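Please look over the sequence and the structure before reading on.

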Amino acid sequence: TAGERERGSLEPLLLNPVPRWVLAAGKWLAASALGCASVVFSLIITVNVLRRIPWHDLGIRFRVSDGELFSLLLLILPLALFLAAMVLFASTFARSFKEAQGYLGMLMLLPMLPGMLATIYPLSRRPWLAPVPVLGQYALASDVLGGQPPGAWLFLVAGVVTLASAVLLVALTARAMSRERIIFGR
């Protein structure tokens with residue numbers, strides 16, 4: 001969106017008789033498709049690599065079942081949709097591609113924060129974190145990898161809240177695309 005704004009190709013796109021929410025949703029779904037594909041690809045590669053390492057020779061007991069991997073996938077896919085919506089929303093306000101990269105550089109800290117927080121305050125076995133996007137997924141994934149998978153209702157809560165947050169961000173992006181300052185302001 002920021003690159004389109006900088007090149008001046010956003011104005012002709014928004015002149016088409018298409019509702020703003022359809023354009024925002026299309027951009028979101030395109031970015032989400034790439035995000036979800038990379039999540040699945042990364043999970044497959046990681047699992048194949050980790051299963052080939054002789055952990056028992058190293059004195060480490062490491063075993064993740066296919067059910068646990070599937071539950072991790074169910075946790076992470078809604079997060080990919082949420083992060084794509086967040087990137088779309090942030091890039092809508094950038095005047096240039098470089099400015100958007102600056103915003104996204106700061107946004108990249110968001111998925112890292114739970115890991116940093118977990119070094120100070122353990123996040124596993126905290127079911128009340130489930131409705132918090134990013135933080136809830138991290139806490140639930142820690143439980144799954146720790147061998148204590150939480151109830152299915154926590155996965156449902158985490159997924160629904162994360163998807164609802166993504167839809168809200170897409171709606172806010174569509175609303176922002178209606179403002180003249182966003183369309184014409186360079």
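What follows treats the pockets and then the aromatic rings.

This is a predicted model, in which local features need pLDDT of at least 70 and side-chain atom pairs count only at pLDDT 80 or more, while totals for chains, interfaces and linings use all residues. Residues are numbered from 1 along each chain as its sequence is written, and side-chain values use heavy atoms, with hydrogens and water left out.

The largest pocket holds about 570 Å³ of space, and among its 25 lining residues Leu43, Leu72, Ile76, Ala141 and Leu145 are the closest to its centre. On a 1 Å grid over the protein atoms alone, a pocket is an open set of points where a 1.4 Å probe fits, with protein on both sides within 12 Å along at least five of seven lines, and lining residues have an atom within 4 Å of a point. A volume is the space filled by probe spheres set on the points, which are joined across faces, edges and corners. The helix α3 (20-52) gives the most to this lining, with seven residues, and α4 (66-92), α6 (109-120) and α7 (135-145) each supply at least two. Helices here are DSSP runs (H or I, at least four residues), numbered from the N terminus.

The second largest pocket, with about 190 Å³ of space, is lined by 14 residues.

One aromatic pair is found in the whole structure: the ring centres of Phe89 and Phe93 lie 5.1 Å apart with planes at 75°, so the pair is edge-to-face (centres within 6.5 Å, planes over 60 degrees apart).

Methods
Rings of Phe, Tyr and Trp (its six-membered ring) pair if their centres lie within 6.5 Å; planes under 30 degrees apart count as stacked, over 60 as edge-to-face and the rest as tilted.
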